[in-house]
Amino acid sequence: MSGNFFMSPDYYQDVFNILADVLPGRGDRNEKKALSIIIGLLLIAAGASILAACGQQNQESETANSAVKTVIGNMKTYCAMNDGTWMCDGVIYKYRLEIKGRMPNAAADSTFVYLSNIEEISFERANKAAGVSSNSADYFSPAEAVLVEMK
């Protein structure tokens with residue numbers, strides 16, 4: 001792609017032709033082409049939303065802070081910022097915590113990766129906030145912390 005997000009019209013025509021040839025169904029070529037256009041637009045929208053996730057900035061840090069690295073976690077996509085902070089869903093966090101421990105009756109250790117404005121989170125609290133607890137007081141507010149990966 002050489003840094004350009006949008007391709008030439010010939011590229012899209014080739015993609016649509018390939019999709020039209022491989023899409024299942026008894027419809028004619030025009031129906032397949034319409035379906036391939038829809039699929040292509042959905043893929044473009046999905047790619048743009050991933051790129052936009054790290055483009056969102058808090059207003060006070062819009063000019064001074066930019067994403068250095070995008071990480072696609074298994075729970076959420078997040079960004080490392082050039083000032084050492086982390087961002088997820090437009091919220092800036094001071095810390096990236098890897099919290100390791102063993103859940104009750106588990107055969108192996110688990111690791112929770114949280115972006116947080118809390119300096120330390122215990123494994124027990126991380127486990128409860130990951131969805132184990134039925135008590136809403138055990139969960140973090142988005143300003144406190146967000147679970148981005150579970151290993």
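Student: How many bridges hold E6 and E7 together, and in which sense do they pair?

Tutor: Keeping in mind that this is a predicted model, E6 and E7 pair in the antiparallel sense, and they do so over five bridges.

Student: Is E6 mostly covered or mostly open?

Tutor: E6 is mostly covered, since seven of its seven residues are buried. Ser-110, Phe-112, Tyr-114 and Ser-116 point one way from the strand, while Thr-111, Val-113 and Leu-115 point the other way, and all of them are buried.

Student: Changing topic, which residues make up the largest nonpolar core?

Tutor: There are eleven residues in that core, including Leu-97, Ile-99, Phe-112, Tyr-114, Phe-140, Ala-145 and Leu-147. The elements that give two or more residues to this core are strand E5 (95-101), strand E6 (110-116), helix H3 (123-132) and strand E7 (145-150).

Student: Which of them gives the largest share?

Tutor: The largest share comes from H3, which gives three residues to this core. Apart from this core lies another one, of ten residues, with Val-71, Tyr-78, Ala-80 and Tyr-93 among them.

Student: Back to Leu-147 for a second, what does it touch?

Tutor: Leaving out residues up to four places away in sequence, Leu-147 touches Met-75, Lys-76, Phe-112, Val-113, Tyr-114 and Ala-130.

Student: OK, now the open sheet: what is the order of its strands?

Tutor: The open sheet is formed by four strands in the order E1-E2-E3-E4, and the pairing is antiparallel.

Student: Why is one side of E1 and of E4 left without a neighbour in the sheet?

Tutor: Strand E1 (67-72) and strand E4 (91-93) stand at the edges, and each has a single partner strand, so one side of each lacks a neighbour in the sheet. On average, and ignoring direction, neighbouring strands of this sheet are turned by 30 degrees against each other.

Student: How many bridges link E3 and E4, then?

Tutor: Strand E3 (residues 86-88) and E4 pair over three bridges in the antiparallel sense, and Met-87 has Ile-92 in E4 as its bridge partner.

Notes:
Residues numbered from 1 in each chain as written. Predicted model: local features only at pLDDT ≥ 70, side-chain atom pairs only at ≥ 80, totals over all residues. Heavy atoms only, no water. Core = buried A, V, L, I, M, F, W, Y, C linked by side-chain atoms within 4.5 Å. Buried < 20%, exposed > 50% of the residue type's maximum accessible area, 1.4 Å probe, protein only. Contact = heavy atoms within 4.5 Å. Pairing = 2+ DSSP bridges. Axes fitted to C-alpha atoms, helices over the stretch in contact; angles between N-to-C directions.
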